[in-house]
Amino acid sequence: MDVRAGIIVLFCLMGFTCAEPVKFLDCGSTTGKVVTVDIAPCPIQPCELHRGVSYSVNVTFNSDVLSQTSTALVHGIIAGVPVPFPIPIEDGCKSGIVCPIQQQHKYNYVNLLPVKTQYPSIKLVVEWELRDDNNKDLFCIRFPVKIVS
């Protein structure tokens with residue numbers, strides 16, 4: 001009986017931790033192509049981001065270029081105005097990617113999206129870019145979110 005209860009708990013936890021592919025728009029990926037975007041936890045879309053919680057963002061992409069470095073930039077688009085959204089690690093080479101980035105390879109970029117307690121409850125679009133050595137976008141994606149308390 002304890003084994004069955006453990007298995008049920010395990011499956012429930014997997015449901016909370018498994019990321020669901022998120023609908024996104026490509027906003028100008030010039031040196032790469034996005035395959036999938038996953039945010040965990042995000043059981044419904046647009047993702048409801050709770051203040052004081054960090055969310056795992058996983059972007060799978062293919063690179064069209066060789067690049068020694070990669071730098072992430074994140075903005076919240078509010079009423080058409082991009083507002084910088086700080087992330088813990090801007091260096092893509094420290095976010096699941098082994099650099100140098102090779103041409104025609106698939107990569108899984110993973111980072112955290114912290115939602116500060118000071119953020120207002122609001123609907124917005126997150127724009128996430130990962131730039132190569134030449135400041136061109138390996139990927140640029142936009143996805144809608146809703147910040148809630």
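**Disulfides and nonpolar core of the predicted model**

When the bonded cysteines of the protein chain are numbered in sequence order, they pair as 1-6, 2-3, 4-5. A disulfide here is a pair of cysteine sulfur atoms within 2.5 Å. The structure is a predicted model, in which local features need pLDDT of at least 70 and side-chain atom pairs count only at pLDDT 80 or more, while totals for chains, interfaces and linings use all residues. Residues are numbered from 1 along each chain as its sequence is written, and side-chain values use heavy atoms, with hydrogens and water left out.

A search of the whole structure finds three disulfides. One of them joins Cys 27 to Cys 140, with an S to S distance of 2.0 Å. This pair links distant parts of the chain, 113 residues apart: Cys 27 lies in the loop between β2 (25–26) and β3, whereas Cys 140 sits in strand β10. Strands (E, at least two residues) are DSSP runs, numbered from the N terminus. The torsion of -95° about the S-S bond makes the link of Cys 27 and Cys 140 left-handed.

Cys 27 counts as partly exposed because its relative accessibility is 25%, and Cys 140 counts as buried because its value is 3%.

Another disulfide connects Cys 42 to Cys 47, S to S 1.9 Å. The torsion about the S-S bond of Cys 42 and Cys 47 is about -95°, so this disulfide is left-handed. Both Cys 42 and Cys 47 are buried. In the disulfide of Cys 93 and Cys 99, the sulfur atoms are 1.8 Å apart. With -80° about its S-S bond, the link of Cys 93 and Cys 99 is left-handed. Cys 93 is partly exposed because its relative accessibility is 23%, and Cys 99 is partly exposed with a relative accessible area of 23%.

Attention now turns to the nonpolar core. Such a core is a set of buried Ala, Val, Leu, Ile, Met, Phe, Trp, Tyr and Cys residues joined through side-chain atoms within 4.5 Å. The largest one has 33 residues, and Tyr 109, Trp 128 and Phe 139 have the most contacts inside it. At least two residues of this core come from each of β3 (32–40), β4 (47–50), β5 (54–63), β6 (71–78), β8 (106–114), β9 (122–131) and β10 (137–148). Strand β10 gives the most to this core, with six residues.

Note on methods. Buried means under 20% relative accessible area, exposed over 50%, partly exposed in between (1.4 Å probe, protein chains only). Helices (H or I, at least four residues) and strands (E, at least two) are DSSP runs, numbered from the N terminus.
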